[in-house]
Amino acid sequence: MNASDLPAVLYVDDDALNLRVFDANFGQRFRIFRSSSPNEALALLEQRRGEIGVVLSDQRMPGMTGVELLEKARTIAPDAKRMLVTAYADMQAVIDAVNRGQVTRYFVKPWDRAELLAALEDALKIARLELRIREVEGRMMKSERLATLGQVTAGIAHELMGPVGYLTQNVSSLERDMHRVVQYVSRHLATDPDAEVSSTIEDLPALIKDLSEGASHLRGVALGLRAQARGEDMEATADVAEVVSFAVKLARAEVRDRARLTSTGEPIRIVFGPVKLCQVLLNLIVNAAQAMEGTGRPGRIDVRWGARDEDVVLSVVDNGCGIPAALQERVFQPLFTTKPVGIGTGLGLSICRELVTQFGGQLRLSSTPGEGTEIELTFKRAPLP
């Protein structure tokens, strides 16, 4: 943990001399914020929410007493330790505040340096421990939710395999039988032409092919989900052009009314499984499509790729709403999402980066709010056979 990440002390006193004395005594030991007025201190506490572990205030200040300040501070930073420096004349008000739980400790003027130093060190140790406890609790909650999601994923994969098997077998039978039907109808069309029937007959092979590819992809997705839930590592290579073409077809329904989707690149193979690559691309394309909401301009999503030295770089670029700079790293955290409830799970980009890095690749994000976002994926180029 960096020094800048450690809990700090906020000292509030309207006397500039007292502020300097406090800084001279403790400035080398702690990270200190100083304030000469209660309102300024509250604004600083709001701005530095989560950073300040101790709020130490003088009791007598114009406009607001130290007790009143610490009562407001408790609302803004409930985990911060609240301490008072007071004169004997104000002892009763301070004792009442301690009994109400508004103040955790007080010191009588003139304060003893050793006593105050020990109290601040103890308070900051407690604050650091509480911070670590919250971090561990957060990681445990995420781990538990991800473990549950893994169990659900394995169940979904199991349930998919049955229907996918039936679909694959039936598509194969349909393809075989349709070939006979087409031959039969074609002979009749030779003697009794019908433009509409001829057009339908011409479209059938392409429709059957799409259905067959869809069934094959579903089977691959189910196997990939099962492997991912079991923690298996399936090494494979993929043709980027083929996978992009198929991902674009799958994303049509999500993109259709939101943006124009284009793809540019030559056939090239990478060290990355085709199912995983399709999963990553679908996530990125759907995210890009959803980013068009509220922009008020025609949407555009470009998928492009090409070789760069020994690597292959694949980019998904959109002209959507963009991502604020403060959130550009957080969007990769599991379960974090900027989308409304029911739209996103907060796992898409996290899973994308995890999948890409597992195979030695990289995922980079660059975004400008109001202009759009670019996700750049870098993969190892597969060796020629």
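Predicted model: local features only at pLDDT ≥ 70, side-chain atom pairs only at ≥ 80, totals over all residues.
Reply: A residue is called buried under 20% relative accessible area, exposed over 50% and partly exposed in between, using a 1.4 Å probe and protein chains only. Residues are numbered from 1 along each chain as its sequence is written, and side-chain values use heavy atoms, leaving out hydrogens and water.

Me: Thanks! How many salt bridges does the structure hold?

Reply: A salt bridge is a side-chain nitrogen of Lys or Arg within 4 Å of a carboxyl oxygen of Asp or Glu. There are 17 salt bridges here. In one of them, arginine 48 meets glutamate 51, with the closest N and O atoms 3.3 Å apart. Arginine 48 is partly exposed at 28% relative accessible area, and glutamate 51 is partly exposed too, at 24%.

Me: Which salt bridge partner does lysine 249 have?

Reply: Lysine 249 pairs with glutamate 213, their closest N and O atoms being 3.8 Å apart. Helices (H or I, at least four residues) and strands (E, at least two) are DSSP runs, numbered from the N terminus. This pair links distant parts of the chain, with lysine 249 in helix H7 and glutamate 213 in helix H6 (residues 195-230), 36 residues apart. Lysine 249 is partly exposed at 31%, and glutamate 213 is partly exposed at 29%.

Me: And where in the chain do glutamate 293 and arginine 258 lie?

Reply: Glutamate 293 is in the loop between H9 and S9, whereas arginine 258 is in the loop between helix H8 (252-255) and S7, 35 residues apart. Their side chains form a salt bridge at 3.0 Å, N to O. Arginine 258 is partly exposed, at 26% relative accessibility.

Me: Now the sheet: in what order do its strands come?

Reply: Two strands pair if DSSP finds at least two bridges between them. Five strands make an open sheet with mixed pairing, in the order S7-S9-S10-S12-S11. Strand S7 (259-264) and strand S11 (362-368) are the edges, each pairing on one side only. Within the sheet, strand S9 (residues 299-308) and strand S10 (residues 311-318) run antiparallel, joined by eight bridges. Glycine 306 stands opposite valine 313 in S10.

Me: Which strands does helix H9 touch?

Reply: Contact means heavy atoms within 4.5 Å. Helix H9 (residues 274-290) packs on the sheet and touches S7, S9, S10 and strand S12 (372-380).

Terms used
Axes fitted to C-alpha atoms, helices over the stretch in contact; angles between N-to-C directions.
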